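User: I'm new to this structure and would like to learn how to read a few of its features. Could you walk me through them?

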Amino acid sequence: MALTFKQRALLATPLPAAWMSSVVIHNVYVKFYTDVIGLDPKSVGWVYLAFNIWNVLNDPVFGVLLDKMRYRPGRGKFLLVMRVTIPFMLFGLVAMAWTSPSWPQTIILGVFLLELFIFDVAATFYLIAATSYGYLAAPTRADRIDVEVVKVWIGNIFSAFATVVATQLLVGDAITERTTIAVALMGVVLVNAVLYLVAALKLKDPPELYEKGDAGAQAVTWGQLKIDAASILRMRAFWAWFAYGLTALAPMGMYFTAFLYFMDHVVRSSGTEATIADTGSMLVVLVLLPVLARGVKRIGSRTSIWVGMVPYLAGLAALFLANTWWHVLVCYVFIMAGRHTMSTAGVALEAALIDDNERETGTRKTGSFAALRALLSAPVTGAQTAIFMGIISAYGYDQLAQVQTETAQLGIRVATAGVPIAFCLLGMIPLLFLPYSKRVEAELSEFSGRQRGLGTAFAEGQLASEPDGDADPAAPRVDRTAR
């Protein structure tokens, strides 16, 4: 039994809404605050370091609370959390656009940090809830890969609104006046709000999704938390996947910020050329994505990551030497094709890790996995912006200069291409120890399908009956009527 395209699209909507917010918060606003508001790059780096420390403190607590939260009849669980947090995220997006460059640097710094705090508290709850909900509503490996394809389509189409605004107004010889940029960003926020509302109003959260494996009935005690943590920490797969996630694709979380600096100060492109380089490369990759996803199903997720590393690293190496906007466009076709092959495979593997633990312990711990990752990755996770800003500052970047020195331009090249190459090479090491072969993936997918039974995330509680044309013919077929 396969999800229809409409059902895939609905399940794919919640996370792209959050991705669009993230592009604005963590990419657009970084360059906005340095080049328009006039905040020193070192200060921006310190803001994101403090932001990272806060994440270390709140992510573990929020993750465990969401796991242990009881399902509320008539209101739901994960979808309820998503609906409550949306207004706070939108408030953070709006407020950050209206900082005045006439304020003292300390006031700008404090307001920037406060607004990030408000946004991130809501976003953390939302992201964990949306991820947990998605794994329940799309229970099998084939479902999750199919939803991921649509998710990337939706995410890139809507995030393009933010990237076009950024490339048109923040790249070029004359950066647009602050109020004009702020008004344009309000249009982006409005589009983002519509995407959030689709997910909040159209999806359902029926009790059938929580009949098996839900930890909501467990008390939140130190003893139970220790048992939950121990069951995760004993898994070799957890440590391998955690180390891979901390390295291989970590710099891609803020790639668009690096892209903006690269296009503006190294290539010296116009806003239109930067827009074409960014959206043009992604259009090519979006067309290729169904083929890439089909390959992931066919050869297995772990092998697909190895394959995806080849174009990813080749594109980054070429980007280090790029001098024109069309060079950058070609480089990003390879970078994004590799990245999305790796990330599509990663969605299936991340879910397999949670399915594996549920099979062993009887309870699902999506939030607890997020909590432990946050604690263990405290020294470096979320620090990519700080690393980028620290490198360009060390090489002499001057936010007030119209033309950067050759040394400063080299620093931007190192931070944009060199750092992702180094992190990806490091990520190869833990990937060698990940025990999830294609056969193991299929076993875990079959288990998850049995646990969830019939898909129930839609109004009628039914899934379409047409066969899944993209399904891996070698994978075991799942009887979703089994309970």
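User: Which residues touch the most other members in the largest nonpolar core?

Analyst: First, keep in mind that this is a predicted model. A nonpolar core is a set of buried residues joined through side-chain atoms. Here the largest one has 148 residues, and V328 and Y436 are the pair touching the most other members. Helix 13 gives the most to this core, namely 16 residues.

User: What is V328 in contact with, leaving aside its neighbours within four places in sequence?

Analyst: Its partners are F259, F262, M263, V267, A277, L319 and A322.

User: How do helix 9 and helix 13 pack, and at what angle?

Analyst: The general idea is that angles over 145 degrees count as roughly antiparallel. Helix 9 (residues 236-247) and helix 13 (residues 325-361) pack at about 150°, with axes 11 Å apart, so the two helices are roughly antiparallel. The crossing of helix 9 past helix 13 is left-handed.

User: Which residues meet there, in helix 9 and in helix 13?

Analyst: From helix 9 you have A237, F238, W241 and Y244, and they meet M342, G346, L349, E350 and L353 of helix 13. Sorted by kind, the residues of this contact are seven nonpolar, one polar and one charged.

User: Which residue has a positive phi although it is not a glycine?

Analyst: That's R268, with a phi of about 60°. Look for R268 in the loop between helix 10 (255-266) and helix 11 (271-299).

Methods
Residues numbered from 1 in each chain as written. Predicted model: local features only at pLDDT ≥ 70, side-chain atom pairs only at ≥ 80, totals over all residues. Heavy atoms only, no water. Helix = DSSP H or I, 4+ residues; strand = E, 2+ residues; numbered from the N terminus. Axes fitted to C-alpha atoms, helices over the stretch in contact; angles between N-to-C directions. Parallel < 35°, antiparallel > 145°, perpendicular 65-115°, else oblique. Left-handed = near helix turned anticlockwise from the far one by under 90°. Contact = heavy atoms within 4.5 Å. Nonpolar A, V, L, I, M, F, W, Y, C, P; charged D, E, K, R; others polar. Core = buried A, V, L, I, M, F, W, Y, C linked by side-chain atoms within 4.5 Å. Buried < 20%, exposed > 50% of the residue type's maximum accessible area, 1.4 Å probe, protein only.
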